[in-house]
Every structure is written in structure tokens, then in C-alpha cells.
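I set out to record the salt bridges, a strand pairing and a charged surface patch. The entries below follow the order in which I looked them up.

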Amino acid sequence: MTLSEEDYIKTIYHLSETEKKSVSTNAIAEQMHTKPSSVTDMVKKLSDKSLVNYKKYKGVSLTDDGRKVALSIIRKHRLWEVFLVNTLKFSWDEVHEVAEQLEHIKSEALIDKLDKHLGYPKVDPHGDPIPSKDGTFKKSVKKLISELPVSSRGVCVGVNDSSAAFLKFLDKNKIALGDTFTILDREEFDGSVTLNSSAGKIRISEQIAANLYLEIGDE
């Protein structure tokens with residue numbers, strides 16, 4: 001497969017996970033910053049390779065083989081992110097673009113050794129699950145802070161926005177994965193939320209609350 005084909009497969013996977021249905025060519029074009037006509041051409045190629053199901057005006061979905069390819073790419077991407085943060089000491093807002101390049105390395109032997117070297121991690125630096133070699137992974141029960149009621153308590157396990165700007169904001173405000181938060185109050189006027197942690201109280205905006213996941217125990 002070409003690098004472009006792999007990028008399309010991964011994009012279709014992520015969009016289908018969000019929308020839980022067939023993905024429109026317009027949605028793919030928007031995500032990949034290209035023209036819908038270019039997407040249609042690529043989708044036809046992927047369909048010829050039995051990696052996607054495509055019907056005009058019906059949208060695009062991955063075949064079983066396409067899903068396997070997508071999960072393999074995602075596994076490589078997230079393992080490289082762990083390596084970049086844990087071993088090379090990149091900050092978590094720097095690793096995505098580098099991992100985008102490394103995910104296209106073909107050697108399965110290299111990725112298997114990387115996985116073993118890292119101790120078979122289950123999540124990447126942003127809290128996203130890392131698929132195993134056979135494409136399975138455990139999804140944690142997590143909810144956005146903005147969706148949780150006051151008095152909820154949980155561990156910060158992921159971000160909805162993995163942009164460098166947002167991750168830098170979290171670093172600046174000393175908010176990290178693994179921190180335990182209790183929701184103390186939600187302001188009716190602007191949706192801002194007061195959290196309590198071992199470091200003390202912190203108030204975050206509604207926008208921040210809509211981009212931080214907590215894993216709630218016994219749910």
C-alpha cells in the first residue's frame with residue numbers, strides 16, 4: 001500500500017468510530033483537506049483492493065481486511081508515540097507529527113521488538129488504547145468532564161483534542177494523565193467547572209471540560 005492509501009484507511013477508521021456508520025466522501029475530504037472528487041478516486045482504488053465497501057451516495061465503510069490494516073497503522077503510530085515520550089523525552093504535544101511519519105514503516109519485526117522494548121504498553125501518551133498485534137484492545141469506560149455530574153470523581157485518562165496548543169495548555173496548568181479529579185462545581189452561566197485534585201482546586205472553562213476524559217470507577 002502507498003502512504004496515501006494508508007492515510008485514507010486510518011482516516012476512514014477514525015471517522016467511522018465517531019459516526020458509527022458509513023462515512024461520507026465529503027467528511028473524508030474535509031478531514032484530509034482535499035477535494036471530494038479526489039476522495040472518490042481513492043475510495044474506488046481501495047474498493048478494488050477489497051479494503052473498503054463503497055456505494056455511490058451510500059458512503060464508505062471498511063471491510064474486515066481494511067479494519068485490520070487500520071488497526072495495524074494505529075498500533076504503530078501509538079507505539080512510536082510512547083517511544084518518543086518515554087525514551088527520547090519528547091513532550092506529548094510534539095509526538096503526533098513525528099509518529100505520523102514513523103507509522104508507515106513496514107517492518108513488523110521492528111514493531112514487535114518496539115512493543116516488547118516498551119513493556120507492551122496499553123495506552124499512548126494521550127490516553128488512547130494501543131491495539132495488540134491481533135488488532136484487539138480494551139476500551140476504557142470514560143466520559144468527558146462536561147458530561148459528568150457534580151461530585152463525580154475519576155482519573156484523567158485521555159484528551160479529545162490532541163492538538164499541540166491544547167496539550168501545551170494542559171502542561172502549563174499542570175493537568176496530566178493519571179491525575180485524579182473530583183468535580184466540585186459547575187457554573188450555570190458559562191459552563192466552567194471547578195475541579196479538586198491532590199494539587200488543590202482548579203477552575204477550567206467549558207471548552208477544556210469538553211476535551212478532557214475521566215475514567216469513573218465502578219461504572
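My notes begin with the salt bridges and then turn to the hairpin and the surface.

Entry 1. I note that the model is predicted. I looked up the salt bridges and found a count of ten.

Entry 2. I examined the pair of Glu 100 and Lys 10, whose closest N and O atoms are 2.6 Å apart. I placed Glu 100 in helix H5 (residues 95-102) and Lys 10 in helix H1 (residues 3-19), 90 residues apart. Glu 100 is partly exposed at 27% relative accessible area. Lys 10 counts as buried because its relative accessibility, 9%, is under 20%.

Entry 3. I then turned to Arg 75, which forms a salt bridge with Asp 115 at 3.1 Å between the closest N and O atoms. I found Arg 75 buried at 5% relative accessible area, and Asp 115 buried at 11%.

Entry 4. I recorded a salt bridge between Asp 124 and Arg 78, 3.8 Å from N to O. Both residues are buried. I also traced one network, in which salt bridges with shared partners join Arg 75, Asp 112, Asp 115 and Lys 133.

Entry 5. I checked the antiparallel strands S1 (residues 52-55) and S2 (residues 59-62), which four bridges join. Val 52 stands opposite Leu 62. In this hairpin, with three residues between the strands, I found Tyr 57 at a positive phi near 70°.

Entry 6. On the surface I located a patch of negative charge formed by Glu 187, Glu 188, Asp 190 and Glu 206. Asp 190 sits in the loop between strands S5 (180-186) and S6 (193-197).

Definitions and conventions
Residues numbered from 1 in each chain as written. Predicted model: local features only at pLDDT ≥ 70, side-chain atom pairs only at ≥ 80, totals over all residues. Heavy atoms only, no water. Patch = residues over 30% accessible without salt bridge, like charges linked within 9 Å, V, L, I, M, F, W, Y side chains within 5 Å. Areas by Shrake-Rupley, 256 points an atom, 1.4 Å probe, with all protein chains shown as cover. Salt bridge = Lys/Arg side-chain N within 4 Å of Asp/Glu carboxyl O. Lys, Arg positive; Asp, Glu negative; His and termini not counted. Charge placed at Lys NZ, Arg CZ, Asp CG, Glu CD. Helix = DSSP H or I, 4+ residues; strand = E, 2+ residues; numbered from the N terminus. Pairing = 2+ DSSP bridges. Buried < 20%, exposed > 50% of the residue type's maximum accessible area, 1.4 Å probe, protein only.
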